[in-house]
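Subject: The structure for you to look at

Hi,

Here is the structure I promised to pass on. Have a look at it first, and then read my notes below.

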Amino acid sequence: MMVGNSLIHFILVSFLSSAAAAIVVSLWKSKKTSNQSGRYRAWAEINLAHLAQNVKELKRRLPADCRIMAVVKANAYGHGSVPVAKCLQSIGINAYAVAEIREGVVLRKAGIQGEILILGYTSPWQFEDLYQYELTQTVINADYAAALNQYSKKIKVHVKIDTGMGRLGENVEQVDRILSIYRQPHLTVTGTYSHFCVPDYDLEADIAFTKRQIQCFYDLVHVIKSNGIEPGSLHLQSSYGIFHFSQLHCDLARPGIALYGAISAVKDNEESTFSLLPVLSLKARVTMVKSVNAGTSIGYGRNYKTTQDSLIATVSIGYADGVPRCLFEQGGHVLVKGQRAAIAGNICMDQMMIDVTHIEHVNEGDIVTLIGQDGEYCIAAEEVAARCHTIPNELLTGIGNRVDRVYVN
């Protein structure tokens with residue numbers, strides 16, 4: 001009888017469907033993630049459901065035949081390139097952009113399929129990796145195209161055109177040099193693109209400049225095609241380009257910061273109909289709460305003094321983790337138990353202090369939210385960036401490696 005039961009058990013386990021097994025694994029991982037949050041000193045919660053929703057929203061904005069090329073450079077703007085790319089792959093994204101070759105190799109080794117475009121320069125000694133990992137290289141000018149061609153193996157490339165950014169790319173007026181790129185026998189051109197430099201500015205001169213970039217690009221594409229050359233997939237718009245020039249006839253659009261829902265205010269008539277969700281929340285823990293007398297100085301430089309008998313909490317995160325050191329000077333706050341608490345004193349490398357005098361029952365282990373929602377209050381990445389006179393891109397990419405990434409749906 002015992003043998004029979006064991007046999008039945010074995011058969012049942014053996015014939016579990018892959019879907020059922022996936023559910024079991026998913027539930028186990030979910031439980032594991034929720035139980036582990038108490039272990040973290042400082043962590044970023046990455047909401048993959050919000051990421052997927054942002055993709056849907058961006059697609060709604062673009063023409064139906066325009067595909068998304070997800071920009072996942074700089075560790076997906078601090079969100080974690082591999083988990084983000086896997087999430088995007090699962091919802092049908094098959095084109096990605098990174099800054100440099102190592103980022104592309106990491107994605108390939110993690111099983112990411114589709115086109116991976118390297119936006120920046122790749123050294124000749126790394127050309128073999130371009131070929132081995134089937135990465136697509138940006139051609140930054142005609143001389144670079146010749147160097148790539150000398151590698152003598154077929155390399156996929158996108159041709160970068162400088163229409164006014166003044167960074168990488170052959171100048172749009174250098175038509176003969178540009179045409180020579182497409183004629184290199186060992187290069188397989190699968191795309192042609194340029195990059196806007198002021199798509200988020202609303203001054204008339206800036207709008208006119210962007211429109212000239214667009215016109216120059218399409219005039220060149222016409223010349224390329226009239227010479228019997230196929231330029232491949234065309235792409236111009238990054239995040240702000242999607243907002244302000246969404247109806248351009250392009251094959252691809254390259255959202256970066258918009259994917260992560262941390263874009264600065266969009267100044268157009270459709271702002272109220274366009275909604276992106278923040279993907280990242282940044283959190284740490286109270287490690288100690290201390291009662292201090294009025295007139296006590298806190299932190300390096302003694303730049304903060306209590307004006308009354310106070311409760312000062314130490315928090316397990318600092319500027320080495322990506323918290324801007326200037327945040328104290330700019331009147332920054334955090335959230336504790338659904339309430340705002342002022343930063344008290346200069347932010348340290350590994351820790352910071354906050355004034356919790358007005359908040360009841362703050363204890364060791366309580367969660368402190370630096371970016372994200374807690375109760376009725378929210379501190380957006382855009383708010384922190386603006387307070388520090390920078391942009392969300394810099395803030396999020398500055399979140400350090402010792403900040404754990406925790407993925408939730």
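The largest pocket is lined by 31 residues, and those nearest its centre are K73, Y77, H195, S238 and N393. A pocket here is an open set of points on a 1 Å grid over the protein atoms alone, where a 1.4 Å probe fits and protein lies on both sides within 12 Å along at least five of seven lines; lining residues have an atom within 4 Å of a point. Two or more lining residues come from each of α4, α11 (239-244) and α13 (392-397), and α13 gives the largest share, with 4 residues. Helices are DSSP runs of H or I with at least four residues, strands are runs of E with at least two, and both are numbered from the N terminus.

Please keep in mind that this is a predicted model: local features need pLDDT of at least 70, side-chain atom pairs count only at pLDDT 80 or more, and totals for chains, interfaces and linings use all residues. Residues are numbered from 1 along each chain as its sequence is written, and side-chain values use heavy atoms, with hydrogens and water left out.

The mean pLDDT (the predictor's confidence in each residue, from 0 to 100) is 91 for the chain, and 88% of its residues reach 70 or more. Over residues 1-36, however, the pLDDT is below 50. Where pLDDT is low, the predicted coordinates should not be read in detail.

Now to helix α8 (residues 142-149). Its residues A142, Y144, A145, L148 and N149 are buried, meaning under 20% relative accessible area with a 1.4 Å probe, protein chains only. They sit on the same side of α8 because they cover an arc of only 155° around the axis, taken from the directions from the helix axis to the C-beta atoms. At the N-terminal end, N141 caps α8, with a side-chain oxygen 3.2 Å from the backbone nitrogen of D143.

One of these residues, Y144, is touched by T122, which is found in the loop between β5 (115-118) and α7. T122 counts as buried because its relative accessibility is 1%. Its side chain makes a polar contact of 2.5 Å with that of Q137 (a pair of N or O atoms within 3.5 Å; within protein, one must be able to donate a hydrogen and the other to accept it, and residues adjacent in sequence count only if both atoms are side-chain atoms).

Enjoy exploring!

Definitions and conventions
Buried means under 20% relative accessible area, exposed over 50%, partly exposed in between (1.4 Å probe, protein chains only). Contact means heavy atoms within 4.5 Å. Lists of a residue's contacts leave out its neighbours within four places in sequence.
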